Amino acid sequence: MSRNDDDNDDLAVYELNTRSVVGLVVSVAVGVVGLFALPALQRGFGLSFQEAFWPLLAVEFLAFVGVAVSVLRLHEKRSFD
Amino acid sequence: MFPTQAGTLGGVEGEGVWLALGTVLMLIGMVVFIAKGWGVDDPQKKEFYIITILIPGIAAASYLSMFFGFGLTEVPVGEAYNTYAAENGGTLEVYWARYADWLFTTPLLLLDIGLLAGASNRDIGALVGLDAFMIVTGLGATLMRSGVARYAFWTISTIAMVLLLYFLFAVFSEAASDLNEDAKGTFNVLRNLILVTWTLYPILWLIGTEGAGVVGLYVETLLFMVLDVTAKVGFGFILLSSRSIVGDDSVPTPSEEEAAAD
């Protein structure tokens with residue numbers, strides 16, 4: 001690593017990743033809404049409990065994945081090249 | 001109109017009392033964690049705060065959902081299954097939202113402790129996968145109509161939990177061995193908290209209305225609430241009280257060579 005690279009690294013700053021913020025908000029919203037949505041899904045689509053529940057559970061897990069990925073990518077390191 | 005259940009907004013009764021209390025305690029935990037993390041600028045510390053705030057936040061939504069009856073269903077198991085089913089015409093009242101909450105929040109707890117330990121993404125991912133398997137098979141145990149199938153799924157889920165806890169103890173502890181003393185101490189306390197509280201969940205299932213029916217829904221809901229609050233809010237308090245998270249000692253001090261070079 002050259003001296004110039006060191007300087008650039010020292011000047012690196014963390015910037016908020018807007019896409020991750022959006023991903024975080026959407027994932028949390030999906031996760032929370034999912035906890036209340038099952039009766040409406042059953043009534044709206046005429047589904048049995050099991051038919052509505054398992055897809056909903058998959059959505060809950062995807063919401064967790066969305067939260068995890070968003071949090072871990074919330075800040076991007078930007079350097080002054 | 002809200003689905004029917006024991007607790008209503010006007011006059012809370014039965015296990016609704018514990019669901020309401022669970023909602024309030026989770027909300028208090030979330031608000032306290034937000035207050036503690038307000039103004040934190042360090043990106044790595046922000047990760048801990050966001051994850052730790054979301055855990056009781058999601059759990060509060062889950063408890064509210066159960067309180068209003070959205071997160072409740074009935075599973076026909078036959079009157080011979082246990083005394084609780086016999087008293088309720090052969091059906092069990094099951095709070096499915098509990099499992100949806102756990103599928104969201106337990107991986108977040110593992111992510112929190114994994115990040116603290118400095119575990120690799122591969123190890124955290126493996127543990128999260130095992131955790132999801134444990135929760136889904138636990139749900140299988142709860143939603144099955146046959147008693148044999150219920151206990152078979154409970155056994156599979158419990159074996160997955162034992163493997164998960166072993167993995168947590170062995171792999172994450174090894175990753176945490178490089179941490180400073182304070183962070184290592186916090187990791188050990190949190191790891192032991194997970195080991196103890198998570199072990200109690202399948203035992204409670206076994207003695208509760210979904211299992212042998214030794215304790216009724218009222219006591220079962222109370223005990224699940226105490227476990228949930230301890231495992232989530234208690235976890236967060238310990239983590240966010242650690243000097244390695246809230247203090248400045250995580251900033252590496254320059255070595256003598258670096259200081260001399262300056």
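**Ground rules**

I number residues from 1 along each chain as its sequence is written, and chains are lettered from A and ligands numbered from 1 in the order in which they are written. As the model is predicted, I take local features at pLDDT of at least 70 and side-chain atom pairs only at pLDDT 80 or more, while totals for chains, interfaces and linings use all residues; side-chain values rest on heavy atoms, with hydrogens and water left out.

**Entry 1: chain B as a whole**

I started with the elements and found 10 helices and two strands in chain B. Helices here are DSSP runs of H or I with at least four residues, strands are runs of E with at least two, and both are numbered from the N terminus. Read from that end, the order in chain B is α-α-β-α-β-α-α-α-α-α-α-α.

Next I looked up burial: 53% of the 262 residues of chain B count as buried. Buried means under 20% relative accessible area, exposed over 50%, and partly exposed in between (1.4 Å probe, protein chains only). Chain B exposes about 11,300 Å², and carbon and sulfur atoms supply 66% of that area. The areas come from the Shrake-Rupley method with a 1.4 Å probe; for residues, only the protein chains shown count as cover.

I also checked contacts, meaning heavy atoms within 4.5 Å. Among those in chain B with a separation of 6 or more, 72% join residues 24 or more positions apart.

**Entry 2: where chain B meets chain A**

The contact takes 29 residues from chain B and 27 residues from chain A. I noted a buried area of about 2,500 Å² between the two chains, 86% of it from carbon and sulfur atoms. Buried area is the accessible area (1.4 Å probe) that two parts lose on being put together, summed over both.

Which helices of chain B each supply at least two residues of the side that touches chain A? They are helix 2, helix 4 (97-117) and helix 5 (121-143). Helix 2 gives the most, with 11 residues.

I counted zero salt bridges between the chains; such a bridge needs a side-chain nitrogen of Lys or Arg within 4 Å of a carboxyl oxygen of Asp or Glu.

I then went to Ile51(B), which is in helix 2 of chain B. Is Ile51(B) buried or exposed? Ile51(B) is buried, because its relative accessible area is 0%. Leaving aside neighbours within four places in sequence, Ile51(B) is in contact with Val71(A) as well as Leu108(B), Leu111(B), Asp112(B) and Leu115(B). Ile51(B) and Leu109(B) are 58 residues apart in sequence, yet their C-alpha atoms are 7.9 Å apart in space.

Phe48(B) also has its place in helix 2 (residues 43-67). Phe48(B) is buried, with a relative accessible area of 11%. Not counting residues up to four places away in sequence, Phe48(B) touches Asp112(B), Leu115(B), Leu116(B), Leu239(B) and Ile245(B).

**Entry 3: Ser157(B)**

My last stop was Ser157(B), in helix 6 (residues 147-176) of chain B. Ser157(B) is buried, with a relative accessible area of 11%. Outside the four places on either side, Ser157(B) is in contact with Met134(B), Thr137(B) and Gly138(B). A polar atom of the Ser157(B) side chain lies 2.7 Å from the backbone oxygen of Met134(B).

Methods:
A polar contact is a pair of N or O atoms within 3.5 Å; within protein, one must be able to donate a hydrogen and the other to accept it, and residues adjacent in sequence count only if both atoms are side-chain atoms.
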